[in-house]
Amino acid sequence: MNETIDRGAFCRRLMRRQAHAALATSLDGQPYASLVAVACGHDASPLLLLSDLAQHSRNIAAERRVSLLFDGDLRKQPPNDPLAEPRLSLLGETERCDDPLLLARFIARHSSAAAYAGFGDFHLYRVTIGRGHLVAGFGRISWIEPADLRLPTDARALASAEAEIVAHMNNDHADAVALYAARLLHRDGAGWRMTGIDPEGIDLRNETAVARLDFSAWSLGSVLDPTAARQALVALVDEARATAAT
């Protein structure tokens with residue numbers, strides 16, 4: 001895998017880990033920044049659930065071009081310097097999205113959104129992936145082109161089965177999900193649940209935190225259908241149990 005593709009995958013991992021991002025829109029030509037809840041589609045396109053009453057939604061109605069700032073938030077322990085962490089400024093355009101699978105994916109990541117997702121003045125937006133400006137560390141700054149940022153696979157089979165896979169893991173294999181959080185991600189706390197699966201990993205959440213488990217960290221390839229998902233999830237359970245035994 002060449003350096004460009006590595007940077008693209010790194011950017012997608014960074015985006016998928018975040019539950020919130022800074023959204024920059026344009027207010028009559030004046031930059032306007034706000035904090036928004038974010039999820040990512042299976043292809044890593046950012047998803048936003050916005051109220052028509054919000055200023056950023058009014059701005060988007062006039063100018064679809066936006067930027068999202070994803071802070072790496074990889075700090076392990078204080079003291080820390082946020083400016084020393086990886087971050088990505090993503091350029092793109094917003095488009096209204098009526099895909100029920102993507103809305104369900106957003107709500108799974110942000111459970112409180114279920115209370116207002118059906119309101120008439122709330123709409124799901126998908127941000128098309130344009131160029132990205134990656135600051136990966138001191139002197140490691142580069143523009144990433146859209147072709148390298150976008151996930152170059154067809155994940156429709158996995159997306160169609162996602163709700164069933166997630167429900168099965170939470171209802172029948174909650175012990176496996178707990179192992180993922182505790183043994184593979186070293187995350188404290190109980191009540192971890194799986195909220196999503198995409199070709200590059202799975203998303204977990206408990207009452208107070210979100211976590212991301214990337215398949216690539218355990219040398220697993222892209223997961224594009226339910227059969228591959230089952231194989232990957234079983235392999236991760238085996239890895240977690242092996243870690244627990246050492």
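R212 is a buried residue, with a relative accessible area of 8%; here buried stands for under 20% relative accessible area, exposed for over 50% and partly exposed for what lies in between, with a 1.4 Å probe and protein chains only. The model is a predicted one, in which local features need pLDDT of at least 70 and side-chain atom pairs count only at pLDDT 80 or more, while totals for chains, interfaces and linings use all residues. Residues are numbered from 1 along each chain as its sequence is written, and side-chain values use heavy atoms, with hydrogens and water left out.

The side chain of R212 meets that of D214 in a salt bridge, at 3.1 Å from N to O; the term denotes a side-chain nitrogen of Lys or Arg within 4 Å of a carboxyl oxygen of Asp or Glu. D214 also counts as buried, at 6% relative accessibility. A salt bridge of 3.6 Å, N to O, joins D214 to R17. This pair links distant parts of the chain, since D214 belongs to strand β12 (residues 210-214) and R17 to helix α1 (residues 3-17), 197 residues apart. Helices (H or I, at least four residues) and strands (E, at least two) are DSSP runs, numbered from the N terminus. R17 is partly exposed, its relative accessible area being 34%. R17, R212 and D214 belong to a network of salt bridges that also includes R105 and R109. Over the whole structure, a search finds 17 salt bridges.

An α-helix has 3.6 residues a turn, so residues three or four places apart point the same way. The N-terminal end of α3 is capped by D99, a side-chain oxygen of which lies 2.9 Å from the backbone nitrogen of L101. Such a polar contact is a pair of N or O atoms within 3.5 Å; within protein, one must be able to donate a hydrogen and the other to accept it, and residues adjacent in sequence count only if both atoms are side-chain atoms.

Helix α2 (residues 55-62) also has a buried face. Its buried residues are H56, S57, N59 and I60, and they fall within an arc of 160° seen down the axis, so they line one face of α2. A61 and A62, on the other side of α2, are exposed. The cover over the buried residues of α2 includes β1 (20-27), β2 (30-37), β4 (46-51), β5 (65-71), β6 (87-96) and β7, where contact means heavy atoms within 4.5 Å.

A further salt bridge is formed by R131 and E145, whose closest N and O atoms are 3.2 Å apart. R131 lies in the loop between β7 (122-127) and β8 (132-137) and E145 in the loop between β9 (140-144) and α4 (146-149), so the pair ties together parts that are 14 residues apart in sequence. R131 is partly exposed at 33% relative accessibility, and E145 is partly exposed with a relative accessible area of 36%. R131 also lies over the face of W143, at 4.3 Å from the ring centre; a charge sits over a ring if NZ of Lys or CZ of Arg is within 6 Å of the ring centre and within 35 degrees of the ring normal.

Aromatic rings also pair with one another. Rings of Phe, Tyr and Trp (its six-membered ring) pair if their centres lie within 6.5 Å, and planes under 30 degrees apart count as stacked, over 60 as edge-to-face and the rest as tilted. By this rule there are two aromatic pairs. The rings of Y116 and F122 have centres 4.6 Å apart and planes at 35°, so this pair is tilted. F119 and F122 form an edge-to-face pair, 6.3 Å centre to centre with 65° between the planes. Y116 is partly exposed at 27% relative accessibility, and F119 is partly exposed with a relative accessible area of 46%.

Two loop residues complete the account. A44 has a positive phi of about 85° although it is not a glycine; A44 is found in the loop between β3 (39-40) and β4 and counts as buried at 0% relative accessibility. S219, likewise not a glycine, has a positive phi of about 55°. S219 is placed in the loop between β12 and α7 (226-245) and counts as exposed at 71% relative accessibility.

How values were computed. Arc of directions from axis to C-beta.
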